[in-house]
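I open a new page for this fold. I will take the sheet, then the helices, then the core.

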Amino acid sequence: MSRPRNRSRNRPRTLLGFDYGLRRIGVAVGQEVTRSVAPLTTLSRKTDKPDWDAITRLIAEWQPDLLIVGLPLTLEGGDQAMTQRARRFGNQLKGRYNLPVEMVDERLTSYEAEQLLEQRSHNGAGRSDPEAIDQIAAQLILQSWFDQQPTPEQHERTP
């Protein structure tokens, strides 16, 4: 699928972040100038494949310039069983939508998302909603990508 429309290079970029999982895929949206990121949705997987129809609708609605996919690594930074699956998902996104895809280390984002949700709850007890955890994890992945990028001020200081 090609990009829905040609967008100006002078406008701020929109990004979608993905927390890829075997049961669900969390999605977040971000905007480059403000570096603001928000949880967007959680997609249930259909059989053993991502819900490509739902992803296509998100791509058409948000018209992102860049897709960020969380890369699940071991605590030591090595590959694990999900690492190759996440890479494959990123390659499929790139091939289907003709958009650039970057992978971001996502170590402990689901754990951090669960902790954030528990802190936000009134009593701090009970299990968090798995779909909310996936969305917050996608938000953390996308925020991590922004945190790794130089700010416009840093670009201006570079000789």
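This is a predicted model: local features need pLDDT of at least 70, side-chain atom pairs count only at pLDDT 80 or more; totals for chains, interfaces and linings use all residues.

**Entry 1: hairpins**

I looked up the hairpin of β2 and β3. It has four residues between the strands, and Arg35 takes a positive phi near 55° there. β2 and β3 run antiparallel and are joined by eight bridges. I checked two pairs. Gln31 stands opposite Ser36 in β3. Gly30 has Val37 in β3 as its bridge partner.

Next I took the hairpin that β1 and β2 form. Three residues lie between these strands. β1 and β2 also run antiparallel, with seven bridges joining them. Here I noted Phe18, which stands opposite Val27 in β2.

**Entry 2: the whole sheet**

In what order do the five strands form the sheet? I read β3-β2-β1-β4-β5, an open sheet with mixed pairing. β3 (36–44) and β5 (101–105) stand at the edges. Each has a single partner strand, so one side of each is left without a neighbour in the sheet. The twist from one strand to the next averages 25°.

I then asked how much of β2 is buried. Six of its eight residues are, so β2 is largely enclosed by the rest of the structure.

**Entry 3: helices on the sheet**

I turned to α1. This helix packs on the sheet and touches β1, β2, β3 and β4. Its direction makes about 155° with that of β3. For α2, I found that the helix lies across β1, β2, β4 and β5. α2 runs at about 170° to β4.

**Entry 4: the two sides of α1**

Which residues of α1 are buried? I listed Trp52, Ala54, Ile55, Leu58 and Ile59. They cover an arc of only 160° around the axis, which puts them on the same side of α1. I traced what they pack against: β1, β2, β3, β4 and α2. On the other side of α1, I noted Asp53, Arg57 and Glu61 as exposed. I also checked what follows the helix. Gln63 comes after α1, and its phi is positive, near 45°.

**Entry 5: the cores**

A reminder to myself: in soluble globular proteins, nonpolar side chains tend to be buried together.

The largest nonpolar core here has 23 residues. I asked which of them touch the most other members. They are Leu16, Phe18, Ile55, Leu67, Phe89 and Leu93.

I followed up Ile55, one of the buried residues of α1. I set aside its neighbours within four places in sequence. Ile55 is then in contact with Leu43, Pro50, Phe89, Leu93 and Tyr97. Phe89 and Leu93 are also among the core members listed above.

Last, I looked for a further core. There is a second, separate one of 11 residues, including Val37, Ile68, Ile141 and Trp145.

Key. Residues are numbered from 1 along each chain as its sequence is written. Side-chain values use heavy atoms; hydrogens and water are left out. A nonpolar core is a set of buried Ala, Val, Leu, Ile, Met, Phe, Trp, Tyr and Cys residues joined through side-chain atoms within 4.5 Å. Buried means under 20% relative accessible area, exposed over 50%, partly exposed in between (1.4 Å probe, protein chains only). Contact means heavy atoms within 4.5 Å. Two strands pair if DSSP finds at least two bridges between them. Axes are lines fitted to C-alpha atoms, for helices over the stretch in contact, and angles run from 0 to 180 degrees between N-to-C directions. The arc is that of the directions from the helix axis to the C-beta atoms.
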